[in-house]
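Good morning, and thank you for making time for this presentation.

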Amino acid sequence: MGPLLFAIGGMIIAAMGFLHGVFTARDEVTPKVLAPRDPKVLQAMQGARLGIARDTDLWRAWLGFNHSHPLGAMVFGLGCAVIGLFYPLALEEPLVLIAAPIIALIYLVLAVRYWFRTPAIGIAVALAFIIAGVLTA
């Protein structure tokens, strides 16, 4: 049962990452989901150059960050799912036992500190599945 619980936790994080990527792609065309609600702020972001790179603006950087962020979540989540479903013996490895819950916990801390309620709840549920998977493996 442990490997399946571990895989479910990973699939939750992967699914959340995928949805984040879809929302970001949609915002490329029609900024709605990850864009500021105030159109003046969006305009300001599009006109604000970065100190580190004057050839881009804050809006493009924001989109880039929001395209790369879900990739990490999907890789981590799919990695957990693959381990749980196809390589359950890997759950006996100390690196997996320690790293997976710590990474999920870091995502939870980031969600609570910087994001909003929905990802925090989803990551908390995923973390619970990952920990349950580790403890019952």
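Predicted model: local features only at pLDDT ≥ 70, side-chain atom pairs only at ≥ 80, totals over all residues.

Threonine 56 is found in the loop between H2 and H3. Is threonine 56 buried or exposed? Its relative accessibility is 15%, and because the cut-off for buried is under 20%, threonine 56 counts as buried. If we set aside its neighbours within four places in sequence, threonine 56 is in contact with Ala48, Arg49, Leu50 and Ala61.

Arginine 49 and tryptophan 59 are ten residues apart along the chain, and their C-alpha atoms are separated by 9.2 Å.

Helix H2 covers residues 39-47, and its axis comes within 5 Å of the axis of H3. The two axes cross at roughly 95°, which means that H2 is roughly perpendicular to H3. Which residues meet there? From H2 they are Leu42, Met45 and Gln46, and from H3 they are Leu58, Trp59 and Trp62. Sorted by class, the contact of H2 with H3 has five nonpolar residues, one polar residue and no charged residues.

I now step back to the chain as a whole. How many helices and strands does the protein chain have? There are five helices and zero strands, and the order of elements from the N terminus is α-α-α-α-α. Taken along the principal axes, the C-alpha atoms fill a box of roughly 50 × 25 × 25 Å. The chain has 137 residues, of which 36% count as buried. It exposes about 8500 Å², with carbon and sulfur atoms supplying 71% of that area. Consider next the contacts between residues at least 6 apart in sequence: 67% of them join residues at least 24 apart.

This brings me to the interior. As general background, nonpolar side chains in soluble globular proteins tend to be buried together. In this model, the largest nonpolar core has 18 residues, and the members that touch the most other members are Phe6, Ile13, Phe76, Cys80, Ala100, Ala104 and Ile130. Which elements give two or more residues to this core? They are helix H1 (2-29), helix H3 (58-86), helix H4 (94-114) and helix H5 (117-136). A second, separate core has five residues, including Ala35, Leu42, Trp59 and Leu63.

Not counting residues up to four places away in sequence, cysteine 80 touches Phe6, Ala7, Gly10, Ala100 and Ile130.

Alanine 126 lies in helix H5 and is buried, with a relative accessible area of 0%. What does alanine 126 touch, not counting residues up to four places away in sequence? Its partners are Gly9, Ile12 and Ile13. The C-alpha atoms of alanine 126 and methionine 11 are separated by 8.1 Å, although the two residues are 115 residues apart along the chain.

Isoleucine 103 lies in helix H4. Its relative accessible area is 33%, and isoleucine 103 is therefore partly exposed. Isoleucine 103 and leucine 127 are 24 residues apart in sequence, while from C-alpha to C-alpha they are 9.2 Å apart in space.

I shall end with proline 3, whose place is in helix H1. Leaving aside neighbours within four places in sequence, proline 3 is in contact with Gly84, Pro88 and Leu91.

Thank you for your attention.

Methods
Residues numbered from 1 in each chain as written. Heavy atoms only, no water. Core = buried A, V, L, I, M, F, W, Y, C linked by side-chain atoms within 4.5 Å. Buried < 20%, exposed > 50% of the residue type's maximum accessible area, 1.4 Å probe, protein only. Helix = DSSP H or I, 4+ residues; strand = E, 2+ residues; numbered from the N terminus. Contact = heavy atoms within 4.5 Å. Axes fitted to C-alpha atoms, helices over the stretch in contact; angles between N-to-C directions. Parallel < 35°, antiparallel > 145°, perpendicular 65-115°, else oblique. Nonpolar A, V, L, I, M, F, W, Y, C, P; charged D, E, K, R; others polar. Areas by Shrake-Rupley, 256 points an atom, 1.4 Å probe, with all protein chains shown as cover.
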